[in-house]
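I opened this notebook page to look up aromatic contacts. The entries follow the model shown here.

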Amino acid sequence: MATATPTPLDELTWDQSFQRDLPADPEGEVFPRQVINAAWSRVAPTPVRAPRLLAWAPEVAELLGIDGVHAPDALAQVLSGNVAAQGMAPFATVYAGHQFGHFAGQLGDGRAISLGEIVRPDGARWELQLKGAGPTPYSRTADGRAVLRSSVREFLCSEAMHHLGVPTTRALSLVGTGEDVVRDMLYSGDPRPEPGAVVCRVAPSFIRFGHFENFAWRKDHANLTRLADHVLARHYPDLGAPGPDAYLAMLQAIATHTATLMAEWMRVGFVHGVMNTDNLSVLGLTIDYGPYGWLEGYDPGWTPNTTDRQGKRYRFGNQPGVGLWNLARLAEAVYPLVQDEAALNAVLEGYRDTFAAAQQAIFVAKLGLGAWRPEDDDLVTDWLACLSAVETDMTLAYRQLSDCTAADRAPAEWLAVVAPALYVPLDDAQQAAWVAWLRRWAARVRGGAPDAARQAVMRQANPKYVLRNWMAQLAIDAAEQGDLAPLTRLHAVLRRPYDDQPEAHADFYQRRPEWARHKPGCSMLSCSS
Ligand code: AMP
Ligand code: MG
């Protein structure tokens with residue numbers, strides 16, 4: 001990396017706590033290898049030909065203390081990895097993981113290169129990571145690059161999630177590299193060149209369950225301990241001095257964050273698509289946006305990931321259970337530090353209760369119930385039965401309900417409430433079931449908070465705008481042709497997902513259009529990115 005025109009990134013305070021707390025790989029060259037007795041490798045991003053800033057998240061810039069884009073070309077040089085800012089010391093970390101239920105050995109940052117942490121005056125630390133910045137010792141047989149299509153998806157979705165209030169890694173920038181990357185998008189034996197890009201991700205850290213699994217698998221208990229101590233010091237400083245009790249409390253905290261995150265994904269209809277243990281954050285953040293999707297027709301069995309078509313391990317309704325399965329792998333990994341099986345199991349058992357409580361609170365808000373009553377179990381079950389009976393758009397159904405007063409009305413008027421969410425017409429029995437449920441719901445919420453107050457709560461729990469795959473795909477198709485306007489517009493809409501935004505209604509408050517039902521990128525997504 002060379003130095004060049006100064007950018008605001010040069011003026012920030014950089015630090016390297018991961019590098020300080022954990023041992024480095026002594027090998028300095030980049031070639032695929034097993035890295036033992038070390039947590040990270042020095043690696044410089046591989047320069048790209050013609051970096052260009054394509055998208056920028058002002059809220060993330062503000063978090064970092066960057067006040068606006070004054071020199072986009074110089075920023076693109078830094079945020080593509082061509083140029084190092086003062087204080088950066090790029091590195092890639094090693095982790096392992098269970099992929100689709102099987103232990104996969106060493107994985108690591110194969111195409112993500114961290115630049116270091118920015119330390120803010122209030123003490124907050126933000127790690128910056130370039131995804132798609134070229135090969136690292138962990139790239140195995142792959143190229144270390146990312147295509148524009150998947151980078152647009154990661155940029156948009158991390159920001160959409162944040163504005164929905166769901167814990168997530170952030171994205172500062174999207175930079176086109178001016179270079180092609182060859183991918184077989186559907187694994188159909190048809191590799192093609194596609195434009196490449198680099199996303200600058202931002203998070204307190206990118207530490208995954210798999211970082212712990214790596215040292216546990218290698219029986220490297222010294223580094224397992226150092227990693228746990230680093231995570232405690234950096235992320236869970238209130239859990240006491242390092243030792244078995246603090247390590248157990250750390251697992252408890254991670255379990256709580258994970259359960260809450262799963263409930264939040266269920267609230268907004270998000271399906272991650274690849275919930276391998278290397279894709280779960282120890283901070284409970286949504287991380288690694290790949291073949292994710294958003295429920296359109298409400299279907300707990302749905303996954304957008306064609307690579308997971310057979311077992312549908314990571315389908316919508318399975319996510320809370322997978323969260324627990326993954327926590328069990330993390331509990332096994334930290335066992336040497338805690339050495340108390342009963343205590344670790346108690347943490348895992350507590351996960352279900354944490355999730356159930358979070359989910360109940362979410363249904364209270366989404367349906368405007370004020371407070372949970374025992375009979376609400378049936379109300380929720382029957383609501384989900386209505387949503388499942390014929391293809392019904394989850395986001396639209398909840399939002400339509402949020403806009404509804406509790407006054408009783410004629411059956412045709414009740415049906416008009418739900419009509420915008422339906423993909424197919426209802427038969428007579430289905431109509432009767434919907435009207436009966438809506439009447440029950442209205443009777444349940446009537447006499448509670450006044451309509452306006454209840455609606456305000458419901459609208460904050462039920463987003464109007466989510467990043468449906470076809471919306472991302474329209475922005476991608478245009479961006480690939482050099483037109484950034486749809487991407488910029490979509491990004492703007494997703495920053496205010498709970499607001500009415502009348503000017504966005506016609507284009508974005510919509511069921512999936514029929515053309516998108518079977519189009520690659522809209523209904524079918526593979527891990528190829
Ligand atoms: P994922 O399932 O996308 O989270 O990736 C699993 C593993 O494959 C991680 O170790 C990634 O860093 C690595 N990986 C994915 N794509 C690439 C790529 N194009 N080049 C190098 N490594 C990659
Ligand atoms: Mg990953």
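I began with burial: Phe-18 is buried, as is Phe-91 (buried is under 20% relative accessible area, exposed over 50%, partly exposed in between, with a 1.4 Å probe and protein chains only).

I noted the conventions. This is a predicted model, where local features need pLDDT of at least 70, side-chain atom pairs count only at pLDDT 80 or more, and totals for chains, interfaces and linings use all residues. Residues are numbered from 1 along each chain as its sequence is written, chains are lettered from A and ligands numbered from 1 in the order in which they are written, and side-chain values use heavy atoms, with hydrogens and water left out.

I looked up ring pairs and found 14 aromatic pairs in the structure (rings of Phe, Tyr and Trp, the last by its six-membered ring, with centres within 6.5 Å; planes under 30 degrees apart are stacked, over 60 edge-to-face, the rest tilted). The Phe-18 and Phe-91 rings have centres 5.9 Å apart and planes at 20 degrees, so I logged this pair as stacked. Phe-18 is in helix H1 (residues 17-21) and Phe-91 in strand S4 (residues 91-93), 73 residues apart; helices (H or I, at least four residues) and strands (E, at least two) are DSSP runs numbered from the N terminus.

Next I took Phe-270 and Trp-294: with centres 5.3 Å apart and planes at 65 degrees, the pair is edge-to-face. Both residues are buried. Ring pairs join Phe-270 and Trp-294 with Trp-265, Tyr-289 and Tyr-292 in a cluster.

Last, I checked charges over rings (NZ of Lys or CZ of Arg within 6 Å of the ring centre and within 35 degrees of the ring normal). Arg-33 has its charged end over the ring of Phe-31, 4.6 Å from the centre. Arg-329 lies over the face of Trp-325, 4.4 Å from the ring centre.
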